[in-house]
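Thanks for coming, everyone. I have one structure to walk through today, and I'll keep it quick.

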Amino acid sequence: TVERGSTVALGYFAQETRTFNPEQKALEVVREVAEVIPTTDGRELSAAAMMERFLFPGRLQHTPVGKLSGGERRRLELLCVLMGNPNLLLLDEPTNDLDIPTLERLEEYLDDFPGCLVVVSHDRYFLDRTIDTTFVFEGGGVLREIAGNYSAYLEQREPVAATALKSEKAAAF
């Protein structure tokens, strides 16, 4: 059973792609979610400025969705989630369909994200860059919480192997 608190604003970036009206301009799609969002420093960021931040230059913002590439449509989906101004952000395999420049922008955005972030990913680098607590499903209904990112989990899971690897690196220099 899940009980959502009254102050939870959920944002969910799913693995499944969303369908947009192909005639609608990209900026119109984002503006339907929000015209502006607050920033952590108390200012506001417009939909157009947020799109620029996520690699949609001015002319591309006015492109019909049907003319966007698959990667651009996924980036548009991500922007719609972020423009919803969630305080609980669920990212389900975000690295599957986003290119490296978009992932870099997302990582930068998450550096200042004031809410709670839950990431499901096989991308070790992305996990190391974005999380500070790891939950490990160990089977049999056991869920273990580990302070730290994915690399910290690996060190705790296999302390002997991690120590040996660090020693090899030190010896190589």
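Let me start with a question: which residue lies over the face of phenylalanine 56? Arginine 75 does. Arginine 75 sits at 4.7 Å from the ring centre.

Before going on, one caution: this is a predicted model. Everything I quote is computed from that model.

Now the overview. The chain has 173 residues, and buried residues make up 36% of them. Its secondary structure comes to eight helices and seven strands. The C-alpha trace spans about 55 × 45 × 35 Å along its principal axes. Take the contacts between residues at least 6 apart in sequence: 58% of them join residues at least 24 apart.

Next, the strands. Please find S4, residues 88-92. On one side of the pairing list is S1, residues 10-13. S1 and S4 run parallel, joined by four bridges. Leucine 10 has leucine 88 of S4 as its bridge partner. S4 also pairs with S5, residues 116-120. That pairing is parallel too, over five bridges. Here leucine 89 stands opposite leucine 117 in S5.

How many aromatic pairs does a search of the whole structure find? Three. Take phenylalanine 54 with tyrosine 109. Their ring centres are 6.0 Å apart. Their planes stand at 65 degrees, over the 60-degree cut-off, so this pair is edge-to-face. Where are the two partners? Phenylalanine 54 is in the loop between helix H2 (47-53) and helix H3 (58-61), while tyrosine 109 is in helix H5. The pair therefore ties together parts that are 55 residues apart in sequence.

Are these two buried or exposed? Phenylalanine 54 has 0% relative accessibility, so it counts as buried. Tyrosine 109 is buried as well, with a relative accessible area of 10%.

Tyrosine 109 has another ring partner, phenylalanine 113. That pair is tilted, with 6.4 Å centre to centre and 35 degrees between the planes. Phenylalanine 113 is at 12% relative accessible area, and the cut-off for buried is under 20%, so phenylalanine 113 is buried.

Now a charged residue. Glutamate 77 lies in helix H4, residues 70-83. Buried or exposed? Glutamate 77 has a relative accessible area of 7%, so it is buried. What does glutamate 77 contact, leaving aside its neighbours within four places in sequence? Phe13, Glu16, Thr17, Arg18 and Phe20. Phe13 belongs to the stretch 10-13, which is strand S1.

Last stop, helix H7, residues 150-157. Which residues of H7 are buried? Tyr150, Ala152 and Tyr153. Look down the axis of H7: these buried residues fall within an arc of 155 degrees, so they line one face of the helix. And what covers them? The cover includes helix H6 (124-130), strand S6 (133-139) and strand S7 (142-147).

To recap: S4 pairs in parallel with S1 and with S5. Glutamate 77 is buried in the predicted model. That's my tour.

Key. Residues are numbered from 1 along each chain as its sequence is written. This is a predicted model: local features need pLDDT of at least 70, side-chain atom pairs count only at pLDDT 80 or more; totals for chains, interfaces and linings use all residues. Side-chain values use heavy atoms; hydrogens and water are left out. Two strands pair if DSSP finds at least two bridges between them. Helices (H or I, at least four residues) and strands (E, at least two) are DSSP runs, numbered from the N terminus. Buried means under 20% relative accessible area, exposed over 50%, partly exposed in between (1.4 Å probe, protein chains only). Contact means heavy atoms within 4.5 Å. Rings of Phe, Tyr and Trp (its six-membered ring) pair if their centres lie within 6.5 Å; planes under 30 degrees apart count as stacked, over 60 as edge-to-face and the rest as tilted. A charge sits over a ring if NZ of Lys or CZ of Arg is within 6 Å of the ring centre and within 35 degrees of the ring normal. The arc is that of the directions from the helix axis to the C-beta atoms.
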